[in-house]
Amino acid sequence: MIDYVNDYDYKFDFDEIKLIEELTKATMDELDCPYDVYVTVSIVDPDMIQKINNEFREIDAVTDVLSFPMCEYDDPGVFEGDIFDETMETDPDTDELLLGDVVLCYDRVISQAKEYGHSEKREFAFLVVHSLLHLCGFDHIEDDDRVLMEEKQKLILDRVNITR
């Protein structure tokens with residue numbers, strides 16, 4: 001299930017909820033996730049994402065997306081193992097895996113779409129997939145991890161026919 005919160009007055013020219021659902025399904029399919037998942041996605045303005053970034057990461061700056069995973073992983077994208085089993089939580093009513101929260105900055109979606117020369121929908125989709133992968137234990141700190149994460153992002157976006 002997707003919990004979508006748009007705290008910004010602007011509407012995108014696509015159905016955000018439908019796209020998030022499609023991207024979440026494609027991501028979980030790519031990772032062979034055995035669970036139905038619950039994800040919260042929020043759209044905020046630059047002031048709010050800067051505040052959240054400062055509070056949780058001690059970085060006093062606007063950013064495009066923040067990810068707050070609920071689980072820890074023995075290996076990225078592997079939904080089993082000691083650490084995963086100890087940290088995973090499911091909704092008691094639905095048995096959905098509580099994956100975590102994604103916070104997107106509307107202004108950054110718009111400006112980065114222009115900067116990279118693609119649609120707002122493509123930028124939104126990229127940031128959602130990027131964040132979903134973070135919720136599943138992927139990161140891009142080490143070069144090998146970055147390459148793996150970029151490969152997964154491309155495979156998932158290709159699954160839903162969203163290209164540059």
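Glu150 and Arg146 both belong to helix H6, which spans residues 143–159, and they stand four residues apart, about one turn of the helix. Helices here are DSSP runs of H or I with at least four residues, strands are runs of E with at least two, and both are numbered from the N terminus. The structure is a predicted model, in which local features need pLDDT of at least 70 and side-chain atom pairs count only at pLDDT 80 or more, while totals for chains, interfaces and linings use all residues. Residues are numbered from 1 along each chain as its sequence is written, and side-chain values use heavy atoms, with hydrogens and water left out.

Side chains of opposite charge can pair when their charged atoms come close. A salt bridge is defined as a side-chain nitrogen of Lys or Arg within 4 Å of a carboxyl oxygen of Asp or Glu. By this rule there are six salt bridges. One of them joins Glu150 to Arg146, with the closest N and O atoms 3.0 Å apart. Glu150 has a relative accessible area of 40% and is therefore partly exposed; the scale calls a residue buried under 20%, exposed over 50% and partly exposed in between, using a 1.4 Å probe and protein chains only. Arg146, at 29% relative accessibility, is likewise counted as partly exposed.

Helix H6 also holds Asp158 and Lys154, which are separated by about one helical turn because they lie four residues apart. These two residues form a salt bridge whose closest N and O atoms are 2.8 Å apart. Asp158 is partly exposed, with a relative accessible area of 34%, whereas Lys154 is exposed, with 53%.

Helix H1, residues 16–30, contains Lys25 and Asp29, and their spacing of four residues again amounts to about one helical turn. The salt bridge between Lys25 and Asp29 brings their closest N and O atoms to 2.6 Å. Lys25 counts as exposed because its relative accessibility is 53%, and Asp29 counts as partly exposed at 33%.

Patches consist of residues with over 30% relative accessible area and no salt bridge, like charges being joined within 9 Å. A surface patch of negative charge includes Asp74, Asp75 and Glu80 among its residues. Asp74 is placed in the loop between strand E3 (65–69) and helix H3 (82–87). With a relative accessibility of 31%, Asp74 is considered partly exposed.

Aromatic rings provide another kind of contact. Rings of Phe, Tyr and Trp (its six-membered ring) pair if their centres lie within 6.5 Å; planes under 30 degrees apart count as stacked, over 60 as edge-to-face and the rest as tilted. This rule gives nine aromatic pairs. Phe12, Phe14, Tyr106 and Phe124 form one aromatic cluster.

Two residues deserve attention for their backbone. Most residues other than glycine have a negative phi, and most peptide bonds are trans. Glu58, although not a glycine, has a positive phi of about 55 degrees. Its place is in the loop between helix H2 (46–57) and E3, and Glu58 is exposed, with a relative accessible area of 72%. Glu58 and Phe138 are 80 residues apart in sequence and 21 Å apart in space, C-alpha to C-alpha. Asn161 also has a positive phi, near 55 degrees. Asn161 lies in the segment after H6 and is exposed, with a relative accessible area of 68%.

How values were computed
Patches are made of residues with over 30% relative accessible area and no salt bridge: like charges are joined within 9 Å, nonpolar side chains (Val, Leu, Ile, Met, Phe, Trp, Tyr) within 5 Å. Accessible areas come from the Shrake-Rupley method with a 1.4 Å probe; for residues, only the protein chains shown count as cover. Lys and Arg count as positive and Asp and Glu as negative; His and the chain ends are not counted. The place of a charge is taken as NZ of Lys, CZ of Arg, CG of Asp or CD of Glu.
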